[in-house]
Amino acid sequence: MTSVLTYAASSSKEPQPEATAPRARTAAKQRLLRLVAAPGVATAGSLIAVLVFWETIARGLAIPSYLLPTPSSILQSFSSIGADRWMVHIWATLRVALVGYVLSIVIAIPLAIVMMRSPFLSKTLYPLLVVVQSTPVVAVAPVIIVALGAGDAPRVVITCLITFFPLVVSTATGLAATPPELIELSRSLRAPPWREITQIRLPFAVPYIFSALKISITLAVIGAVVAEFCASDAGIGYFIQFSTSMFRLPQAWAGLLVLAAMSLLLFQLVLFTQRRLFPWSVPKKD
Amino acid sequence: MVAPAIRFTQLGQVFHTRSGETEALRDVSFDVAQHEFLAVLGPSGCGKSTLLRLIAGLLPPTSGTVEVFGLPVTEPRDDIGIVFQKPTLLPWASVEDNVLFPIRHKRGRVSAEDRARAADLLHMVGLDGFANRLPDELSGGMQQRVGIARALLLDPDILLMDEPFSALDALTREVMGFDLLRIFSERPKTVVFITHSVNEAALLADRVLVMTGRPGSVLTDIVVPVGRPRGPETANERAIHDLSAHLRGLLLQRAAA
């Protein structure tokens, strides 16, 4: 793909005083190739093809909508719901997911630092974390909701529980992965110990922290939805559950797509933040 | 009589590991005079790096004493510069910030004078115009030059170098060695240079300490019979050839035994 691109680019730069008809035709062909090669075009093309295929099959074989609704009916339910209602549900889910995610970060990173500094705390807290992580969040969610009542609090806690573990473990791993030479250098300089954390260990942990942040952001959406399944009156998860119970499957599918888009967007946002703030920490592509 | 820069007296070092006790050094005694370049040569695992950590005060000796300028080493000291085997630079910091790291790490901030000093050091190690690059954009040799500039930032009296050129190709390695000698002729330092290259030891050092392995102890202590300044042509001198051959013989003999 790249070779086509560079070839097209270099040939267009060449002066062509006696451009003949066949040469013009190859130039047009190259322009077309370049368009197809442009990022996104191929993806969008194949996506459209899949949708057309889906629509034809669903209509042609008269598949009932509760099995597989047609893309057009899903699209129709998008607009029939209306932007206002969508925003209410999206905001409810997004709010819980983000608050839970941020809270999880705020707790996990200092905890990882504390665990790295104190072998005792590491030994006592780590098994506890594993126990919490091993308990299925879906099973704990109803218990938490009973305990914490209505409102965002129980949902945020559930989101925290699901996003927390990868963050602590990755951050702790990153803090420990610092080159020992730099720690010796820090000691030989007799610098204040907290600077060993802020100037050496934490920056070295950035790639590890971000790989956990990428995992956790999608988990945060899952956490919010799980909480909505248990008890809530708004949110995309609630909307999907409500729609299926009313047998409005195209509507449920629309909710599903919104949820997927939300996850994807949040994931890209984390990726963008890393590229923007810590470009050196992004693994190089060959 | 001036106290030597570094003095080891009957030093013994034992490490307690999970698999039991490991004797790293046994009865090691030697002096390093001020502004002397001492190369420590020996097989891997003979406790050469342990020597450096003892001098830097990063490790308390099991028995015996280490003195620096006549005083026993009891804690980490910041008048000693360390160059590691790998450059171990901060990947997010520019070349300049990497050189300035010891000051920023110790005091929290850097002054305009510190920056001027970093620029001087970068000039000295031949990295003019690279101040704003990231370590990633530099070759291995250039990265190690940054490491050397960083070790020189606080103008230490003693410079400890732990196989600093072992990761470099042969040619770069030789160029770096002579560059190092030029730097020390401008600013004399007491240097302890760990290496397992016989040629490097003979070419760069005033004295070569040959160690044996497991537990590490001093086999011989040889003065290099060649004056300074030295340059690439020094490598062709008969005395260097003879010394290299002698050193190689010692190491091979030990390895075979």
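Here is our chat about the contact between the chains and the confidence.

Modeller: This is a predicted model, where local features need pLDDT of at least 70, side-chain atom pairs count only at pLDDT 80 or more, and totals for chains, interfaces and linings use all residues. Residues are numbered from 1 along each chain as its sequence is written, chains are lettered from A and ligands numbered from 1 in the order in which they are written, and side-chain values use heavy atoms, leaving out hydrogens and water.

Biologist: Thanks! How many residues of chain A are in contact with chain B?

Modeller: 20 residues of chain A are in contact with 24 residues of chain B (contact means heavy atoms within 4.5 Å).

Biologist: And how many salt bridges are there between chain A and chain B?

Modeller: There are three salt bridges between them (a side-chain nitrogen of Lys or Arg within 4 Å of a carboxyl oxygen of Asp or Glu). One of them joins A:Arg190 to B:Asp78, with the closest N and O atoms 3.4 Å apart.

Biologist: Which helices of chain A each supply at least two residues of the side that touches chain B?

Modeller: Helix H9 (180-188) and helix H10 (193-230) do; helices are DSSP runs of H or I, at least four residues, numbered from the N terminus. H9(A) gives the most, with seven residues.

Biologist: Switching topic: what pLDDT does chain A average?

Modeller: Chain A averages 86, and 91% of the residues score at least 70; pLDDT is the predictor's confidence in each residue, from 0 to 100.

Biologist: Where in chain A is confidence lowest?

Modeller: In helix H1 (residues 2-13) of chain A, at a mean of 42, while helix H5 (residues 83-117) of chain A is highest, at 94.
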